[in-house]
Structures are given as structure tokens and as C-alpha cells.
2 protein chains.
Amino acid sequence: MKTAILTVGTEILFGQVVNTNAAYLSKNLQDLGHDVMYHYTVGDNPGRLRDLLEIVYRDCDLVLTTGGLGPTEDDLTKEVISGFFGEKLVEYPDQLEILKNHFRSSRYTWTDNNRKQAWFPEHNCTVLPNFHGSAPGFMIEKDGRIIISMPGPPREMTEMFELQVRPILESKREHYICYKILRTIGLGESRMETVLLPLIDGQTDPTIATYAKEGECSLRITSERDTLEEAEAATNEMIGKVRDLIGEYIYSYDDEDLATVVGRKLLEDHITISCAESCTGGGFAKALTDIPGISAVFDRGIVTYSYKAKEEELGVSPDTLEKYTAESPEVAKEMAEGLSKISGSDLNIAVTGVAGPDDMSPEKPAGLAYIGLTYKGETRVTEIRIKSRGRNWNREYFILRMFNEVYQAVK
Amino acid sequence: MKTAILTVGTEILFGQVVNTNAAYLSKNLQDLGHDVMYHYTVGDNPGRLRDLLEIVYRDCDLVLTTGGLGPTEDDLTKEVISGFFGEKLVEYPDQLEILKNHFRSSRYTWTDNNRKQAWFPEHNCTVLPNFHGSAPGFMIEKDGRIIISMPGPPREMTEMFELQVRPILESKREHYICYKILRTIGLGESRMETVLLPLIDGQTDPTIATYAKEGECSLRITSERDTLEEAEAATNEMIGKVRDLIGEYIYSYDDEDLATVVGRKLLEDHITISCAESCTGGGFAKALTDIPGISAVFDRGIVTYSYKAKEEELGVSPDTLEKYTAESPEVAKEMAEGLSKISGSDLNIAVTGVAGPDDMSPEKPAGLAYIGLTYKGETRVTEIRIKSRGRNWNREYFILRMFNEVYQAVK
């Protein structure tokens with residue numbers, strides 16, 4: 001169905017909150033085969049909200065709204081929508097009971113202004129229960145038009161969508177979409193486009209879209225057909241063609257990040273790992289331990305920020321530090337090898353470099369780092385040299401490259 | 001001025017990208033004293049874009065657009081806007097020269113379809129240079145209506161806004177807004193609202209808004225007046241009243257996060273610090289080393305994931321681990337004290353617990369953690385026990401509480 005997403009909320013117009021609800025709903029509607037034509041955001045203003053409804057139903061038949069369902073006087077979404085559909089709001093006794101129970105079982109005190117949360121359009125209305133908050137959602141279906149109205153807090157909205165709205169939209173789908181996101185590393189976006197040009201050019205279904213982010217490059221392959229089977233077959237056929245051209249650079253066929261792919265590989269092959277970090281300050285260990293169950297292979301991580309810590313914790317030689325400074329391939333090598341002796345892990349990875357924002361010296365600019373990796377008795381040191389894009393960006397990029405080093409070693 | 005923000009981009013309607021541009025522009029427009037009435041997002045569809053312009057100029061006099069300025073056939077924003085303002089697009093020779101230079105100095109090859117990026121409305125138009133990409137922005141001011149059109153990539157858009165659009169909007173401001181965000185810890189949102197009720201109730205300017213996130217609670221105090229001085233004075237007066245009521249819980253009067261406040265305090269007082277982490281996996285060290293210059297006081301961080309690592313790196317007794325398990329106050333204490341001996345830092349903090357998603361046992365549920373902190377010869381262990389909200393949330397919360405422990409010790 002042709003769809004509009006309507007967000008009600010002053011906090012979004014103030015820029016205090018990013019509208020993640022609209023992105024979440026868009027993605028899911030897309031997957032369910034509905035076309036999203038518009039996003040709109042308005043404040044709690046009945047006149048403007050009504051005008052927007054007039055406009056969107058000119059070319060949409062489904063409207064999803066979030067926000068504005070609370071108990072305060074500002075919250076007028078329900079009133080406006082009912083009026084627009086020519087329905088009167090009436091109190092639903094069962095909803096009043098549920099609402100009062102909700103207050104009894106929480107720490108909030110019942111006040112009579114909450115009563116309006118039990119009012120709904122008299123006819124053509126389905127109430128959508130809210131398991132995480134007091135404001136239920138609702139759906140009106142009338143004269144070929146549908147509106148589904150959900151609360152604004154993302155936790156309440158997403159659960160309501162998953163449990164109650166998704167089955168409704170599933171039953172109304174008109175076509176099927178299958179898409180896969182492939183992730184690559186080691187191939188720039190423009191190079192990837194050039195190589196894939198014969199597949200991209202003049203292709204209407206499946207479509208191939210490329211996008212680059214933070215040193216990686218992804219590919220989205222999408223097919224839209226009358227049945228799911230056809231869409232899947234077309235997508236898979238195209239994935240085969242892409243694999244023939246750039247297979248060696250693809251690390252995930254399922255939109256997983258590199259840390260997840262590396263973590264799974266380490267767990268599957270039971271390769272134990274430890275890390276020593278300087279400029280990334282624990283970020284590699286943090287990213288690795290984001291993976292549940294990783295404790296089966298991750299032994300330890302050591303963040304050696306000072307020279308003293310590098311010497312004491314990893315046995316880096318004071319002479320090496322003195323002669324080459326901490327941000328050197330020599331120190332990266334000694335860190336990895338020192339860690340290897342201490343941890344006894346199968347794979348040991350170390351990083352040292354200049355996170356920035358400032359350059360350390362003309363020879364040691366922000367964006368320079370060395371990664372040492374010891375595996376199967378050998379140590380390999382890789383130099384990273386990028387144009388600095390700020391401390392955080394540089395650090396995230398170094399961490400990504402560390403995961404790539406591990407990936408290349410164990411894949 | 002009454003303003004609408006119009007985003008052009010299919011990737012946003014697909015839900016692939018969250019519309020951070022709209023939030024960024026809203027926040028800045030708000031600060032510049034302009035009222036944002038609407039956000040709209042449409043795809044690259046000339047008819048719908050034109051309809052929207054008709055609608056927004058009914059009650060807005062300023063429209064900001066992002067996206068749709070590229071060289072491809074889909075990019076029609078400029079054509080539609082020119083047409084709407086009754087202007088013809090013509091080639092600007094100076095812009096063509098700049099554009100060709102841009103291609104010469106980058107790795108891209110010039111193709112003739114790029115030429116249209118040098119076309120702009122013939123009259124009433126100001127071109128806004130793009131220092132990070134090929135597509136310039138532009139402004140049309142005609143018959144009391146203004147439109148400012150910027151490229152979609154956030155890096156290009158934000159720089160164009162800061163350098164070129166901000167001064168224009170500054171000159172058109174009609175009133176002044178001053179706001180401050182105060183951040184607190186240790187006081188729940190409902191408790192805070194209750195304490196501050198005498199200040200909040202019936203207050204029209206300055207306004208006080210509270211919002212809770214991830215275990216913390218913030219307060220936004222906003223005043224809107226004819227002059228900046230008046231707005232600042234009113235805001236500061238209200239801050240004084242708030243301080244009288246809840247001053248002991250406020251850790252920042254300038255919307256800084258706790259890690260930043262703690263980092264600055266450590267640097268100012270030159271208190272050296274080291275950390276030992278189990279369940280947070282390096283996240284505390286990572287957050288601390290996000291702060292530039294922290295190497296002056298941060299010595300080392302040790303992520304001891306295995307029992308072996310806890311024993312070898314920190315000298316935790318195997319008997320203690322055996323008797324109490326790793327997720328115990330006893331182990332947190334030994335971790336902190338062991339680290340203290342090794343690092344010689346002034347302050348040593350350790351954490352051990354259950355990140356989840358699964359409970360370790362009925363006695364050791366996800367969301368349980370112990371923080372040990374050794375400072376000035378004393379060790380204090382704090383128990384954290386929260387309802388688990390997923391591995392990542394739990395970990396971030398434990399890290400926040402570690403910063404709070406450090407903050408309470410050194411403030």
C-alpha cells in the first residue's frame with residue numbers, strides 16, 4: 001500500500017531527539033512490500049495535523065502515526081484522527097479497567113486526566129494494547145483508508161509494531177521484497193562500482209546499490225516480485241554473479257559487522273585471543289566482548305597507555321621505546337610478542353599509534369598506527385596511515401583494521 | 001522565522017539512513033531563534049516536491065532543504081525549486097570552472113552530466129560553495145520567501161550550514177534563546193520532578209524540562225527573550241533556584257557527560273588512574289581514553305576475562321575465585337587491590353559482574369556487578385543490581401556507574 005509516516009512530537013522539531021521511529025517503520029514497511037512515500041513531523045498542533053491528513057490521503061491509503069497519545073492536554077492526536085474519520089470518541093470500559101490496573105501495579109498515582117487514555121473512536125476501531133506504557137494504540141479502517149496510531153517512546157512503539165501491527169500489514173501486502181546486504185573490506189567504493197558496472201548498468205530487478213562507510217563498503221541487492229520465492233531466487237542469482245566478481249572481498253552475506261564475523265570464526269575454530277592496546281584505549285577489547293559467549297576464547301586485554309605500563313605489562317624494552325618512540329613498528333612487534341608470552345593465547349594482537357586530534361610530530365601525524373599480530377609463531381606488523389578525521393573516527397578505524405588483521409589471519 | 005525542513009532522499013524513506021540532518025538543523029534553528037514547524041521527507045519525485053512547497057509556504061517563510069542536488073537524472077531538487085520560484089536555470093561560468101577544478105584535483109573523471117551542477121536560478125540566487133563535495137548549495141530570496149538548499153551528505157551539509165547558512169539566519173533572527181542543560185546522577189526522574197515542582201508549575205519562561213536516559217537525568221532550562229542578555233539573565237536566575245534544591249546531584253551545568261567531567265577533574269588534580277575490567281570488557285578504558293590528553297593521568301587498563309588472567313595479571317587468589325566465583329564483591333576487591341599494587345596509580349578501579357544476555361545462575365543474574373575502588377589506602381566495593389535490559393545496555397550502565405564511583409571519590 002502507499003504509505004505515509006507521521007510523527008507527532010515537539011521534541012523532534014526542537015532537534016532534541018532524532019527521529020529513529022520513522023527509520024524503523026520505513027525499513028519494516030519496505031520489507032513488508034509497502035511503499036513509503038512521505039515522512040512528516042509536526043508538533044502537537046491540531047490544525048496542522050488535520051491539514052496533513054487531508055494531504056497524505058490524496059495519494060496514500062495507509063498512514064502510520066507515532067506520538068501524541070499521552071494523557072496531557074497537549075496530546076491531541078487521537079482527537080484529530082477521530083474527527084478526521086468522522087468518529088466520536090467514547091470511553092471503552094474494558095480499557096479503563098486495564099488502565100487503572102496499570103497504575104495500580106506501577107509507582108504512579110492515578111489522576112483523572114489519565115481517563116482520556118481509555119477513550120477511542122466509537123466505530124471501525126481496533127485498540128492495540130501497550131505492554132510497556134499506559135497509552136494504547138489504535139487502528140481505524142474506513143472507506144478504503146487505514147490509519148494505525150502508536151505511542152512515541154521507541155520501546156513501546158517497536159513492541160506494538162512487532163506483535164500487533166506487523167501481522168496486519170503482512171496480510172495487506174501486495175508484493176514481496178527480498179534483499180541482502182553484502183559487506184566487503186579492502187575494496188574502495190569507486191573500484192567496486194567499476195568492477196560491478198556490467199551488473200549495475202541497466203539493471204531494474206534485482207537492483208544493486210553500493211554504499212561506503214567508515215573504511216568499509218556494502219552492497220544492497222534487492223528484488224521485488226509477486227511471490228517471495230521469485231524474489232529470493234532472483235536475489236540469490238544476482239549474489240552468485242557478484243560473488244564471481246568480488247567474492248574474495250566479501251566477509252558477510254548477511255549484513256553482519258566484521259567484529260561479529262571474526263568473533264564467530266574464533267569461537268568455531270576455538271582460537272584463543274588476547275589483545276594489547278595503546279591508542280585505541282580498550283576499544284578493540286570492548287568491541288570483541290560485545291559478542292555474547294566470547295569469554296570461551298578471549299583471555300585478556302591490556303591497555304598500556306604509559307611507557308611504564310608497556311614495559312611492566314608487556315615487557316617492551318625501554319631501549320626500543322627510547323630509540324623508536326612508542327608509536328613505531330618496533331614497539332607494535334614487541335607488544336604483540338610480549339603479550340603472546342604472557343597470555344599463552346593462540347593469537348595476540350597489539351596496536352600503538354596516534355589517535356589525535358593533534359599530530360605528535362611531523363613524522364608521527366594523527367592517523368598513523370602500527371598493528372602487530374602474532375599467530376602460529378610468526379609476527380606481522382602492518383602500518384596504517386590515514387588522513388586524520390578526528391580522534392574518534394581515527395580510533396574506530398584503527399579498531400576496524402585490527403579486526404581485519406585478525407580476519408585475514410584466521411579466515 | 002517560521003521554518004520547515006524538507007529532506008529529499010529515497011534512502012531515508014527506505015529506512016536505510018536515519019534522518020540526522022533534520023535533527024541537526026532543528027536544534028540549530030531553535031538556537032538561532034527560528035521556529036521549526038514541520039519536517040518533511042520525500043523521494044526524488046518532482047510532483048510531490050512541488051506540492052510540498054505549495055503547502056509549507058502557506059504558513060512558513062523559510063524552507064531549508066537537504067539532498068537531491070547531485071548530478072544524476074534523479075536529482076531534481078534544484079529544477080523543482082527554480083520552477084516554483086518562477087526562475088530559469090542557467091549555467092554559471094564561474095561555477096563550471098570551480099566544478100571542473102574539483103574533478104581535476106580528485107580521482108573522479110569528468111563526465112558531461114556533471115555540468116548541471118553548475119546550473120542555478122538566473123535571478124535572486126546566491127550560490128553556497130561546497131568544500132567537501134561537487135554539489136554546491138544555493139539560496140533564493142524572493143517575495144518575502146526564502147529557500148536554502150543544501151547537499152545531503154552530513155559532512156557537506158554541516159560545514160555549509162556552519163560557514164555560510166548560520167550567518168544568514170543569525171541576521172534574520174527575531175528573538176533570542178538561551179538554554180542550559182544540567183546533568184544529574186543519583187536522583188530519579190520522578191523524584192526530581194517532585195522536588196522541582198514548585199519551579200516547574202505554572203512557569204512559562206524560563207521553562208524547565210526533565211528527561212531521563214540510561215541511568216542519568218537531565219534538565220533543560222530555556223528562556224526566550226528580545227535580547228540575549230535578558231534570556232541569559234533569566235536562565236541563570238533559574239539555574240540558581242534549581243541549584244538550591246538539587247545542587248548536590250548536579251555534575252555538569254554545561255551538558256557534559258560524566259566521563260568528560262571525571263577526566264577533567266583527574267587531569268586538574270593530577271590524580272593518576274588505572275582500571276581492571278571483566279564484564280565491561282575494556283569499555284571503561286575506551287570511554288576514558290576518548291578524552292584527548294588523558295594519557296597524562298591514565299596509566300593502564302587490564303581486561304581480565306578468564307580466571308587465569310585474573311590470577312596472573314591482578315594476583316586474584318584462586319581460592320577466592322573458587323569459593324565466591326568471579327562475579328563477587330570479594331573478587332572485585334582483590335582485583336582493585338591487586339591492580340593498585342601493580343600500577344602504583346593513585347586511584348584503581350575494578351569491575352566484575354554478569355553482562356548477560358543470560359543469567360549466570362539464579363543468584364548471579366544478568367545486571368549484577370561489583371565495582372571495587374582503591375583510593376588513598378582504602379578499598380570500597382559497590383554492588384550494582386539492575387533489571388537486565390540486554391547485554392549492551394547493562395554494560396553501558398556498569399560503565400556509567402564506574403564513572404560515578406570515581407566521581408564520588410575525587411569530587
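This is a predicted model: local features need pLDDT of at least 70, side-chain atom pairs count only at pLDDT 80 or more; totals for chains, interfaces and linings use all residues.

Modeller: Helix α2 of chain B, residues 20-31, packs against helix α6 of chain B, residues 154-171, at an angle of about 20°, and their axes are 12 Å apart. Since angles under 35 degrees count as roughly parallel, α2(B) and α6(B) are therefore described as roughly parallel to each other, and their crossing is right-handed. On the side of α2(B), the contact is made by T20(B), N21(B), Y24(B), L25(B), N28(B) and L29(B), while α6(B) contributes P154(B), M157(B), T158(B), F161(B), E162(B), R166(B) and L169(B). Sorted by class, the residues in this contact are seven nonpolar, four polar and two charged. An α-helix has 3.6 residues a turn, so residues three or four places apart point the same way.

Turning to another helix of chain B, α4(B) spans residues 77-84, and six of its eight residues are buried, so this helix is largely enclosed by the rest of the structure. The buried residues are T77(B), K78(B), V80(B), I81(B), S82(B) and F84(B). Just after α4(B), G86(B) takes a positive phi of about 70°.

As for the cysteines, C125(A) is buried, with a relative accessible area of 18%, and C178(B) also counts as buried, at 11% relative accessibility. A search of the whole structure, over all chains, finds zero disulfides.

Conventions. Residues are numbered from 1 along each chain as its sequence is written. Chains are lettered from A and ligands numbered from 1 in the order in which they are written. Side-chain values use heavy atoms; hydrogens and water are left out. Axes are lines fitted to C-alpha atoms, for helices over the stretch in contact, and angles run from 0 to 180 degrees between N-to-C directions. Helices (H or I, at least four residues) and strands (E, at least two) are DSSP runs, numbered from the N terminus. Angles under 35 degrees count as roughly parallel, over 145 as roughly antiparallel, 65 to 115 as roughly perpendicular and the rest as oblique. A crossing is left-handed if the near helix is turned anticlockwise from the far one by less than a right angle, and right-handed if clockwise. Contact means heavy atoms within 4.5 Å. Ala, Val, Leu, Ile, Met, Phe, Trp, Tyr, Cys and Pro count as nonpolar, Asp, Glu, Lys and Arg as charged, and the others, Gly among them, as polar. Buried means under 20% relative accessible area, exposed over 50%, partly exposed in between (1.4 Å probe, protein chains only). A disulfide is a pair of cysteine sulfur atoms within 2.5 Å.
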